[in-house]
Protein chains: 4
Amino acid sequence: MAFFTDISKIEYEGPTSKNPLAFRHYNADEIVEGRSMRDQLRFSVCYWHTFRGTGADPFGAGTLQRPWDDGTESVENAINRVRVAFEFIEKLGAPFYCFHDRDVAPEGATLAESHKNLDAVADALAEEQQRTGIDLLWGTANLFSHPRYLHGAATSCNADVFAYAASQVKKAMEVTHRLGGENYVFWGGREGYMNLYNTDMKRELDHLAAFMHMAVEHAKSIGFTGQFLFEPKPKEPTKHQYDFDAAACLNFLRQYDLLDHVKLNIETNHATLAGHTMAHELIYASIQGGLGSIDANTGDLLLGWDTDQFPTDIYLTTQCMLAILDQGGLAPGGVNFDAKVRRESFEPIDLFHAHIGGMDAFAHGLKIAAAIRADGVLSDFVKNRYRSFDEGIGAKIEAGSVTFADLESYMLEAGEVHPNESGRQEMLENLVNMYL
Amino acid sequence: MAFFTDISKIEYEGPTSKNPLAFRHYNADEIVEGRSMRDQLRFSVCYWHTFRGTGADPFGAGTLQRPWDDGTESVENAINRVRVAFEFIEKLGAPFYCFHDRDVAPEGATLAESHKNLDAVADALAEEQQRTGIDLLWGTANLFSHPRYLHGAATSCNADVFAYAASQVKKAMEVTHRLGGENYVFWGGREGYMNLYNTDMKRELDHLAAFMHMAVEHAKSIGFTGQFLFEPKPKEPTKHQYDFDAAACLNFLRQYDLLDHVKLNIETNHATLAGHTMAHELIYASIQGGLGSIDANTGDLLLGWDTDQFPTDIYLTTQCMLAILDQGGLAPGGVNFDAKVRRESFEPIDLFHAHIGGMDAFAHGLKIAAAIRADGVLSDFVKNRYRSFDEGIGAKIEAGSVTFADLESYMLEAGEVHPNESGRQEMLENLVNMYL
Amino acid sequence: MAFFTDISKIEYEGPTSKNPLAFRHYNADEIVEGRSMRDQLRFSVCYWHTFRGTGADPFGAGTLQRPWDDGTESVENAINRVRVAFEFIEKLGAPFYCFHDRDVAPEGATLAESHKNLDAVADALAEEQQRTGIDLLWGTANLFSHPRYLHGAATSCNADVFAYAASQVKKAMEVTHRLGGENYVFWGGREGYMNLYNTDMKRELDHLAAFMHMAVEHAKSIGFTGQFLFEPKPKEPTKHQYDFDAAACLNFLRQYDLLDHVKLNIETNHATLAGHTMAHELIYASIQGGLGSIDANTGDLLLGWDTDQFPTDIYLTTQCMLAILDQGGLAPGGVNFDAKVRRESFEPIDLFHAHIGGMDAFAHGLKIAAAIRADGVLSDFVKNRYRSFDEGIGAKIEAGSVTFADLESYMLEAGEVHPNESGRQEMLENLVNMYL
Amino acid sequence: MAFFTDISKIEYEGPTSKNPLAFRHYNADEIVEGRSMRDQLRFSVCYWHTFRGTGADPFGAGTLQRPWDDGTESVENAINRVRVAFEFIEKLGAPFYCFHDRDVAPEGATLAESHKNLDAVADALAEEQQRTGIDLLWGTANLFSHPRYLHGAATSCNADVFAYAASQVKKAMEVTHRLGGENYVFWGGREGYMNLYNTDMKRELDHLAAFMHMAVEHAKSIGFTGQFLFEPKPKEPTKHQYDFDAAACLNFLRQYDLLDHVKLNIETNHATLAGHTMAHELIYASIQGGLGSIDANTGDLLLGWDTDQFPTDIYLTTQCMLAILDQGGLAPGGVNFDAKVRRESFEPIDLFHAHIGGMDAFAHGLKIAAAIRADGVLSDFVKNRYRSFDEGIGAKIEAGSVTFADLESYMLEAGEVHPNESGRQEMLENLVNMYL
Ligand SMILES: [Co+2]
Ligand SMILES: [Co+2]
Ligand SMILES: [Co+2]
Ligand SMILES: [Co+2]
Ligand SMILES: [Co+2]
Ligand SMILES: [Co+2]
Ligand SMILES: [Co+2]
Ligand SMILES: [Co+2]
């Protein structure tokens, strides 16, 4: 039984189409840099915003019309929702989805009952994956919505909460494994602090590391070989999250010897809340071998909270795809739309507009990035700019074969440096506009 | 010959004094937590803002009246300025000062001449240190003012600039060593990027690490055993500095195996520009063994640039001193006033007002922090809050003796967690007010 | 029947008390600048946060323990809550409270039923006011929580929504009048836009003005002579609120000829979200005759949303009270705690800690401000600083008796200006510390 | 004698050109919405950044290579610079320029000498305008660079400074008049405060208004009929500028009865520093009849200072041109590039890259905006969205023929509002992408 009866499968109609329910750029089978767009982009629909979002905000109740949802917290309703979700994803043509445990299945009165609920819904998810060929990009556990997590999960001051969170992650990882999930994500939730006066930061971080090590061990014990991902976010819900940005996450992973096991899932809106561009976070993580997957959304830089809007800015998507192509792709990660329709976009059709726009913006960005790379216009400029390190004193510096004393001798003789060259920022910005 | 002839040595007159040119809290010999205030606070005056600041800003020329300065870039003028500086620091009663190489001595036409100029001024600095007993907290090199550094120093795309910077740091380190400096600071300057389109971030970071390793080696070769310090700053002058915050710096130091050699010099205004409280950065660095020294100033949280104002907020200084006392002090680091009088506070006397206010605010904060620690009101609250990790399942978690499976068994049996307790943020904030 | 049986009336115990459930500064009958603290401060408890807050946030469910609340939306529960509220306010010793219509009484199935519900609860409010002597500082209508208001209320694109909002404000104003409310507040709620592509800003602002004019007319028609107040807030819930800050509100009131009827209710957290200090907004409104009342809270300047925290910073409260004393007080406005306990401060006792801290911080600020004013240290400095306008060319400028041509003649003769004097910012900041 | 000998006049080569020194979109004679692009866009080059910028920043000396400049503050050098400037503007093909008095001519030892210098340079400007046909969009006076203005100009506490500023504006206005300037701009400079403790805000604002009234009177007296423009900026150089944003400026103009004489010059980077989008400020000013001209640049939303970058973002320029076309154009205002090349873009050729990119981005935005308007896709959506105000109760509300009581009767009968409709934000954002 279909729910979106008025909507057929979204088709590619090319750049001149004005049909709002068609793709103008995303053409799944089109080959870009040797791979299909499907494989380059690995689009994923997130379950929480798209199928569990209500449109509630701190100032008002939910508004989103989801006529298929009976409003109960029953397993039946949850399973029915799975059918709708897969119809949506199938019509949209996204190859992946992601979930939080408590978003797909209702919390039970006890942990055992919650486990049972999750297993029941997982059966339906498995069926739908089988039916549609849609795969699971990643799973995760919601460790922040229930009041028990008000002081955090792995970083709670209450040891029982740590144990509960561990139980929940264990189960979520097992379900992810069963459903063929290619990654497992840790998002901080409330792993941070509200106030330093009542916080033992050292003890909390030690606990968080212990938690992750246990997760790594558990993955081994069940044969889950998916990639672990850690998602940076600087603030909200807590005043300060421990996973502030890529640097804080990578520092934590290095400090606690987790870097071999965990990469990052970078989200645009979290990058900008932390004071970085998305491009910065992607490149910074990538050059350290830590870029695993992305949460493709956008924030509003004039607003200070996580608006999780759908990405439509071509500059943003071009920059993302440049970084992703530069590291040879994201797999087993992907481009997950951790994005929600506005509270005012309350009709089901808005879900299509939103995802089509996001997919098209990324597909457009992919084509632009590939064209820039094909022409080599940025990479050639950069290579030339650093050419003084390719020979002479620069090559020696890179080889580690000179000391401060050597360099001083060299420079005392030279007296002054070879002239610098213009960074040509304006020309390069214009150049990118040529490819739009 | 004295310059501040109207000003006598600033004296401690106690909390009820209304004399603006006296200390109300800083009483150098008063013992707090087993050390004199002098030794707890290790106040330092910075040479650049206090003796080289002009009051220029991006919209206007310098305003500061410095009648002792003849306005030339001569060595004579530089040496004369040293006399004034030491008279000021002596009358103020600060035990330390800090400098950048190009602030104490003029840049010459060649590197050799610059070295010579620095040596000449260092003679005067040595004399004045000897005469007054004022010590050098740290030295550093200015690798950002000269146009040659427009693309960075150690991270410049121009290898010669790397070599020049190396030469300059070598010399600055040697002068610091000669003057008995207890630390040597790296501040990013322009080590960052203006635009990612023209930047090879990986290569730049590799160069920065190579630079620091050479510095460490050079220190060994000359017998300099002072502490290296790396100062985080997120932005300004570049769009994005590599030393963004404590997390980025520590991640860099770990990645490039520099953590044994380098600690952090944390500045309040840089912390807040990066989206952190000063207390966060101090505690975060401290629990990783990385808190070396502080640049004591304050920003204006409604402004987006580094205002480097003198710190007068008692909440800020209390939080700083709580973190510093918690790690047993800062030595060989100190509390350096990397702060400047406002452009509108252009009379020499304003330098006294500014430093007296900053020293008094920190001395007051020290007394408040010590009182809070003596009563144990915060530490007892925190210890009690995490008590569930001191025994039972919590202790096992900390001991690393349980797995996810163990924790799941425990929690399946328990069904739900032991109740959480209020975080009492409001009560704790009120409590701090009781100690002001 | 009492609910807070363990709590007696909160007493003043003086500055040295360490009893967290006593006042250290707020002494209601103590005379400061010729009035009792009670009359200077006119403290008000807000109904919405304090009695209807749940602790829910965008990432999780409510946490706050309110054992008296049966969780239903019944009128009985609402009336019971009134009893609890007045017991709390009475024990706290605040002379005022404020409410939104939908916070005190449940929304009915129809407008008529909602009106009836509000009348029923108003009976209980009237009884409790009578019993306790607690007065109503202001009432308002909640025009943002219900989904009908998703596009705004007076600025909705749906004319029916305007009509519904009008009906609700009419009723809320009538109930406010009946309960002796001294003011009536308009807070924007969703009066703003999410996106300019779908917005007719001109038409929306015209509607908002029409709405306020109708409100003014209705007040006349029912004999309500309380002060209308407009509360600035820059953003949240909408991307951009029309009542952005004091300037935007006053410009609107001037443009639409409402300035004689409406003053401002200034909130700290809204001021800072708009990029202003609270002191700026207070003084800016005050010198235009537009400062009517304040919402006393604080934000976290490193967070970008309205955290509505209880104010405990003495610098903030001192600056507020300086501005308020400078205009001779706030009456008929007051100091309303539009503030909420943290989600993690979930026990009822935290409501006492929070309000006691806020009241004490303002009482302390009042005493500090009065002392500064008594000594004249700031006002004398300011008066002296502008003295050049008290005579000579300055007096002529102020008198409007000179033209550009006159001033040019004057200055061509003078050649250059009389020297400026230092602004002494650092000295003045130190000076304020002397009064803490 | 030519300076840019390697550069010919920049030509339009069409969208497919990859020539960085050609226009891809700006085709001066092409008709868009009934006017040539030249007349729709009215591009202006600013003298200060483009011909007086040095590349200095708070951390370093100037870097920009301007080989024609002999580095002196002589009138000869100033006049030579005029020749270079007009060659540049002519080759670029911009029809207008703007200047500050002290940027075109050096400050003299006395006011009289400064006047004389300005007259001498104005002769050269007049010659070049005559020779090239380039016109003066606006003039203004630099009231912020000289130390005399450290406490402000019209808002200085020093009456002499007011008089000096008046003299300077008088002269700048006369020169603007002589050169056929079509507007005269007031930009705040230091008209704001650094600290409220030493500030009499009321007196300062009164002085600012008196100053503007004198300017209006002087314009009348000399027959200058150009448009006065007031340029909002929230902060920098002062902590808080009085001309914070469009709302603050319009409120000021209304309060002091200046609205008939003064419109606004809106700058992108100032809009965003104040927390608004450029589109917001443009529309907000426009619907109040106050949009006079724009300073076309962009900021970096992750940086907190006025970076004044050249605008290259097509979304930004499209939104600007939508607002400008909606009000029927900007004349006598224009699109002035108040933008500077980066410090690292230090070669003269970078000035061409920068301006070409900005002009092309605006020309592209103009074409996109015109296409969107031609199709009516946004305006039809908006018109339809508010249709409930075109008849029935909505029309009565707009007509002012109903009261709160009428609306309550209407709604008591209706019980609930007609259903809302989706705001379709995502669809509209996608739609704009179709026109790129
Ligand atoms: Co995410
Ligand atoms: Co997010
Ligand atoms: Co510093
Ligand atoms: Co700084
Ligand atoms: Co409020
Ligand atoms: Co608020
Ligand atoms: Co401008
Ligand atoms: Co600007």
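**Backbone, helices and interfaces**

Author: Let us start with C:R42, which sits in the loop of chain C between α1 (37-41) and β3 (43-46); helices (H or I, at least four residues) and strands (E, at least two) are DSSP runs, numbered from the N terminus. This is a predicted model, in which local features need pLDDT of at least 70 and side-chain atom pairs count only at pLDDT 80 or more, while totals for chains, interfaces and linings use all residues. Residues are numbered from 1 along each chain as its sequence is written, chains are lettered from A and ligands numbered from 1 in the order in which they are written, and side-chain values use heavy atoms, with hydrogens and water left out.

Reader: OK, and what phi does C:R42 have?

Author: C:R42 is not a glycine, yet its phi is positive, at about 45°. Most residues other than glycine have a negative phi, and most peptide bonds are trans.

Reader: Then which peptide bond of chain B is cis?

Author: The bond from B:E236 to B:P237 is cis, with omega near 10°, and B:P237 belongs to the loop between β10 (227-231) and β11 (240-241) of chain B. In chain D, a cis peptide bond joins D:E236 and D:P237, with omega about 5°; D:P237 lies in the loop between β8 (227-231) and β9 (240-241) of that chain.

Reader: Switching to helices, at what angle do α11 and α12 of chain B pack?

Author: Helix α11 (residues 314-326) and helix α12 (residues 348-375) of chain B pack at about 60°, and their axes are 7 Å apart. Here axes are lines fitted to C-alpha atoms, for helices over the stretch in contact, and angles run from 0 to 180 degrees between N-to-C directions. α11(B) and α12(B) are therefore oblique to each other, given that angles under 35 degrees count as roughly parallel, over 145 as roughly antiparallel, 65 to 115 as roughly perpendicular and the rest as oblique.

Reader: Which residues meet there, and what classes do they fall into?

Author: Among those of α11(B) are B:I314, B:M321 and B:L325, and they and others meet residues of α12(B) including B:F362, B:L366 and B:R373, where contact means heavy atoms within 4.5 Å. The residues of this contact of α11(B) with α12(B) divide into twelve nonpolar, four polar and two charged; Ala, Val, Leu, Ile, Met, Phe, Trp, Tyr, Cys and Pro count as nonpolar, Asp, Glu, Lys and Arg as charged, and the others, Gly among them, as polar.

Reader: How many residues does the contact take from chain C and from chain D?

Author: The contact takes 96 residues from chain C and 96 residues from chain D. The area buried between the two chains is about 8700 Å², and carbon and sulfur atoms give 61% of it; buried area is the accessible area (1.4 Å probe) that two parts lose on being put together, summed over both. C:Y197, C:Y386 and C:F404 supply 11% of the area that chain C buries against chain D, more than any other three residues.

Reader: What is the count of salt bridges between chain C and chain D?

Author: Eight salt bridges are counted between chain C and chain D, a salt bridge being a side-chain nitrogen of Lys or Arg within 4 Å of a carboxyl oxygen of Asp or Glu. One pair joins the side chains of C:E408 and D:K170, at 2.4 Å from N to O.

Reader: And what do chain B and chain D bury between them?

Author: They bury about 2700 Å², 62% of it on carbon and sulfur atoms, with 30 residues from chain B and 30 residues from chain D taking part in the contact. Four salt bridges are counted between chain B and chain D, and D:R190 forms a salt bridge with B:D57, the closest N and O atoms being 2.8 Å apart.

Reader: Last one: why does the pair B:D69 and B:R81 tie parts together?

Author: The side chains of B:D69 and B:R81 form a salt bridge at 3.0 Å, N to O. B:D69 lies in the loop between α2 (47-52) and α3 (75-92) of chain B and B:R81 in helix α3 of chain B, so this pair links parts that are twelve residues apart in sequence.
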